[in-house]
Amino acid sequence: MDQHQHLFDVGGTHVSRLEDLRLIKGEGCYAADWNLPNQAHASFLRADRAHAKIVSINVDAARKAKGVLGVYTGEDAVRAGHVKPLSMLTFAGKDGKKALIPERPTLAHGRVRFVGDLVAMVVAETELQAQDAAELIEVEYEDLPVVVAAESALAAGAIQLHDNVPGNLSFEQEAGDAAATTAAFAKAAHVTKLKLDCTRVAPNPMEPRACLVAYDAGSESYTVHVPVQGINMMRMQLVAYAGVPEDKIKVVARDVGGGFGQRSIAYPEYCTAMMAAKALGRPVKWVSTRSEAFMADSHGRANYITAELALDKDGTFLAMRLDWIADLGAYLHPAGPVSPMRNPVTCLNGVYKTPALFGRWRVVLTNTAPVSAYRGAARPEIAYTIERLVDEAAAQMKIDPAEIRRRNFIPPEAFPYKTPTGSVYDIADFPGVLEKALKLADVQGFAQRRAESEKRGMLRGLGLSTVIENSGAGMFPKDEVLLEVATDGKVTAYSISHSQGQGHETTFAQIIGDALGIPAERITLRQGIAEKGLIGNHTGGSRTIVGAGTVCHIAAKKLIEHATPLAAEQLGVEPSQVAYAKGEFQSKDSDKKITLGELAAKKPLSVTGEGKFGSTFPNGCHIAELEIDPQTGVTQMKSYVTVDDCGTVINHTIVEGQMHGAVAQGWGQIFGENVVYDPETGQLLTGSFMDYAMPKAGWISDIHIADHTTFGTISPLGVKGMGESGCTASLGALTNAVMNALRPLGVPPLDMPLTAHKLWQAITSAKKGN
Amino acid sequence: MYAFQYRKASSLKEAGELLVKDADAKPMSGGMTLLPTIKARLAQPTQLIDISGLSELSGIEVKGGELIIGAATRHQQVASSKVVRDALPALADLAAHIADPQVRNRGTLGGSVANNDPAADYPAAVLGLNAKIITNKREIAADDFFQGMFATALEAGELIVRIAFPLPKKAAYAKFPHPASGYAMAGVFIAQTAAGVRVAVTGAGSGVFRWSDAEAALMKSMDPTALAKLTVATDDLNEDIHGTREYRAQLVKVMAGRAAATIAGKN
Amino acid sequence: MAKIKMTVNGKQCTGEVEDRVLLVNFLRDSLNLTGTHVGCDTSQCGACTVHVDGRAVKSCTMLAVQADGADVVTIEGMAKNGKLHPVQQAFTECHALQCGFCTPGMIMTVAALLKDNPHPTDDEIVHGLEGNMCRCTGYLNIVKAVKQAAGLQHK
């Protein structure tokens, strides 16, 4: 019986979610569901071209159109001072140089820089009137050359997007030991080199963005209803972008329809709505269409990596070297460039004891939509890079892919393990994870299954990836959770970490219920309640269970501690003579007792727990088995095994659900999702679900999910986080499986997206070559 | 969405007259293509003349060796009709794989054929079976009806009333759906009749077309292997980010093979 | 402007709308039935699915005036007398929802699917869900819920 067993007892098996009831009845409250009396509606005119000077904008006809209340352009944005979004890229890079941050007026001023860039906003009595009027705005443009690919943007003579960013290079950094790495490569018996594109994808949470902003002239304050991952993160950015004091902005959010990183940004549309709400003295509502979402929501990934692995003759890794180009699009989202600069460095050696590492990273600007975090936020990219290299090296050196990993794993006895780039992996058992996965995937029987596929004319492949990622650390000084006890003994908990589908209302209630010894059903979590003034991180980076989740436990313990003397006073005994169990305080030497609810009836009972946490390191092994039809190039999933070490599991059902969704997103990225811009014009070619292939029902089949737990040492609960590991591990496992199927035909290393079309071409040209 | 006037036609005659009177009015049946187009502000009709409820456009029957289906018959009705399932199961199967259930509950045969989307499914069956398109003015043979991308022989105010499908000995449809839109990247309808074999291809080119080499080969032997040595001419096929001409040619061949296998009972 | 009248969740409703107003906007804005969601503008995602005269349709691809005189059921009308519809029950039991945004449309689609085909095969379930998109679940638990609901409905 381990120290965390109690959590399993409380509901670590399979518990239905407490938030489900309202959601399945259509009683959720998403951003577009908010309405206020006398609200007006906004519609945006967006740039229809990727790069141009704005010569003139004529809004006269729009202003006169039926129902129009106001029309705003870049002039208004500049006048309001809405030009500088917050940047979290504040640390020094190569040679101590800081990042060059471009300005971004909330409405484009003087120049548009990507298709979908905001040009003007119309506010009218109805949404349809606003749309009609937006079309009457006449913009005269002077087209400029367009640069879409990050490598082209860096090339000499490339058109420059921003005056203050020469060569479109916003930031450059290096990490690792250049000399040691060069030396290791010099003596290597074998070097594997790959150029890997982690393609640009659209996060596409199902709920489109929306905002409803009200301005109160009396208090000069704004109420902003928007989808968030945490209200504080949103407010911090609105404060910076709109130049309004923190106490003058209240962010409100309830249900959020998916996030995946896309929600953690204060977009210019929100600030523009603030400007209009103030100017008009009426609440202003805007609801994005999906077409706008494809153009102007943050995109994800878009990292282009040249990677080399040096090995000795036995397949021992000697060094790895990276040249990493991060395409951030036309402007920098607040945290957008931070993910690819920080997360890959944190886990640069992956699960391996590679002694020498070196990388160079560049943040590049292009005429495309700005990029920010997408499920994993560059953790999947570094894991994918390493796992592709490892598999390719194994194939080149004719070493079994599992064996080459065994030879290079950081051994279980080495933890806590300090990596060459300074991270401390707290605890893991990589060999244990791998062996369990190999067994569950019946790797032994693969050769026979492959032969059977061959008989049917199909190509079968098996691929694995063994990965690690950082989770837990946050940018806010601490995470707070407030607990309030009602007179009926029910507990309301408040957190800043905001679910976008992860099920916090259930998981947090389980943790608090466990600590208080009361059923989870008696605990209600409320998220996004600004009035409570809590400090805390948003939900992102798989950190919530480590941060706010752990603080739920701390707060519950604190509640008992805080209430014990109060109970003693009521019971007329010394605090030391009072014992707490299952919602009741009892005097040790009599039958006298008082419940939490009774105590709260005497005097309001509440506590705020807090905690600050560093990084912990969830890890796992995924094994994919696929079949490819050489006639059409279509790939079918035959089996998929995940063995993850995410520390203590609070709720298996939710963990499995997270895994399903993340693996599906990994599948989507590998086999079809890809935001494509015309390289010449910068027009968006995948602007709707008609062209952007997001997974549908049946695309992934049943996933075999298992744990191999070591308890994390960062949180007293032993948790590590797991919302993103399905993406982090699946990109490599799926691609390695495809390469495993195709390599025997002589197909060279391929890059995502591995569309049916691309695989058919690869198979066909390999066959022709033979 | 631009403003327009919605009008429910009370008769076929009235619908025809309204459309002739106003060149910018559009007939609407299921609206499954038209409404999204209007929503995207890609069309600006003055009026939408709703013909979906007209009794003249309804009904499914077999008569004189033909399956006759009213133009306003919804895809779901075609897919689940016992008459269609018994007489021409390939058409029911085709209808059951158009778009998705919700769209099949609204979209209609006449609407799809009149729209002639180059990636729509029905045109393949209409051309493959050499169906007759009966309008409020005349009868048009399938061979004369389809005139390339979104273009048909229909004149202003001319509406499809019903379509008569000659019953084949055997028929089958195989489709490779686009992974995102679900439209055909290649859809092949094969009909085996007393007169011979017809092979109609949708999705791969700028409009539905017949693949005559395959017709000749399958006439000799209704077997997928009969197609093995054939190539699909790529000149007129589509090429875009989703696939090259060569890939579409390959899909046409593979889908034709699958449809032939179904007819040959080899699936 | 058109005057329209329809039965929504068993209640007679009337309204006056522009001809171009979509059914989903009438339901959400005029009747305040915000359980029906809009997730795309190209008729793909199915978040807006409701029942019109007993059949599942995408209410973002139908004009409100087209539903004049129709019998409309939305997600708010699925639970009866405090009892969840078997499909709603199965969705929570199988963890078939995460963010919940696609869920109302999914439930309406599945309820219609099971009405037509009470014992669908796996292939039929997947085929039946082609008009609904979910970004959170990978659909695995949704398929599971459909099977569970098929069982529940025959208890």
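In this predicted model, chain C meets chain B through 23 of its own residues, which touch 18 residues of chain B. On the chain C side, the elements that put in two or more residues are strand E4 (55-58) and helix H3 (103-116). E4(C) gives the largest share, with 4 residues. Sorted by class, this side of chain C holds 7 nonpolar, 9 polar and 7 charged residues.

Chain C also touches chain A, and here the contact takes 43 residues from chain C and 44 residues from chain A. Helix H2 (86-93), H3 and helix H5 (140-152) of chain C are the elements that give two or more residues to this side. The chain C residues facing chain A split into 21 nonpolar, 15 polar and 7 charged.

As for chain C itself, there are 5 helices and 5 strands, and going along the sequence they follow the pattern β-β-α-β-β-β-α-α-α-α. A compact globule of 155 residues would have a radius of gyration near 15 Å, and chain C has 15 Å, so the two agree. Its C-alpha atoms fill a box of roughly 45 × 35 × 25 Å along the principal axes. Of the 155 residues in chain C, 65% are buried. Among contacts in chain C with a separation of 6 or more, 62% come from residues 24 or more positions apart.

Chain B comes next, with 11 helices and 12 strands. Here too the globule rule works out: 267 residues would give a radius of gyration near 18 Å for a compact globule, and chain B has 18 Å, which agrees. The C-alpha trace of chain B spans about 55 × 45 × 30 Å along its principal axes. Buried residues account for 54% of the 267 residues in chain B. Looking at contacts in chain B with a separation of 6 or more, residues 24 or more positions apart make up 60%.

Two sheets of chain B can be picked out. One is an open sheet of 3 strands in the order E1-E3-E2, paired in parallel. Strand E1 (5-8) and strand E2 (26-28) of chain B sit at its edges with a single partner strand each, so one side of each has no neighbour in the sheet. From one strand to the next, the twist averages 30°. E2(B) and strand E3 (residues 47-50) of chain B are joined by 3 bridges and run parallel, with B:Lys26 standing opposite B:Leu48 in E3(B). Helix H1 (residues 12-21) of chain B lies across E1, E2 and E3 of chain B, and runs at about 165° to E3(B).

The other is an open sheet of 5 strands in chain B, ordered E4-E5-E8-E6-E7, with antiparallel pairing. Its edge strands are strand E4 (60-63) and strand E7 (139-141) of chain B, each of which pairs on one side only. Ignoring direction, neighbouring strands of this sheet are turned by 25° against each other on average. Strand E6 (residues 132-135) of chain B is tied to E7(B) by 3 bridges in the antiparallel sense, and B:Ile133 stands opposite B:Ile140 in E7(B).

In chain A, strand E18 (residues 459-468) has 10 of its 10 residues buried, so the rest of the structure largely encloses it. In a regular strand, side chains alternate between the two faces of the sheet. Both faces of E18(A) are covered: A:Leu459, A:Gly461, A:Gly463, A:Ser465 and A:Val467 are buried on one side, and A:Arg460, A:Leu462, A:Leu464, A:Thr466 and A:Ile468 are buried on the other. E18(A) pairs with strand E26 (residues 619-628) of chain A in the antiparallel sense over 10 bridges, and A:Ser465 stands opposite A:His622 in E26(A).

The 14 residues of H21(A) should span 20 Å at 1.5 Å a residue, and the end C-alpha atoms are 20 Å apart, which agrees. Its buried residues are A:Ala756, A:His757, A:Leu759, A:Trp760, A:Ala762 and A:Ile763.

Key: Residues are numbered from 1 along each chain as its sequence is written. Chains are lettered from A and ligands numbered from 1 in the order in which they are written. This is a predicted model: local features need pLDDT of at least 70, side-chain atom pairs count only at pLDDT 80 or more; totals for chains, interfaces and linings use all residues. A residue is buried if 20 or more other C-beta atoms lie within 10 Å of its own, exposed if 12 or fewer, and partly exposed in between; C-beta atoms are placed from the backbone. Two strands pair if DSSP finds at least two bridges between them. Two residues are in contact if their C-beta atoms, placed from the backbone, lie within 7 Å. Ala, Val, Leu, Ile, Met, Phe, Trp, Tyr, Cys and Pro count as nonpolar, Asp, Glu, Lys and Arg as charged, and the others, Gly among them, as polar. The radius of gyration is taken over C-alpha atoms; the globule rule is 2.2 Å times the number of residues to the power 0.38. Axes are lines fitted to C-alpha atoms, for helices over the stretch in contact, and angles run from 0 to 180 degrees between N-to-C directions. The expected span of a helix is 1.5 Å times one less than its number of residues.
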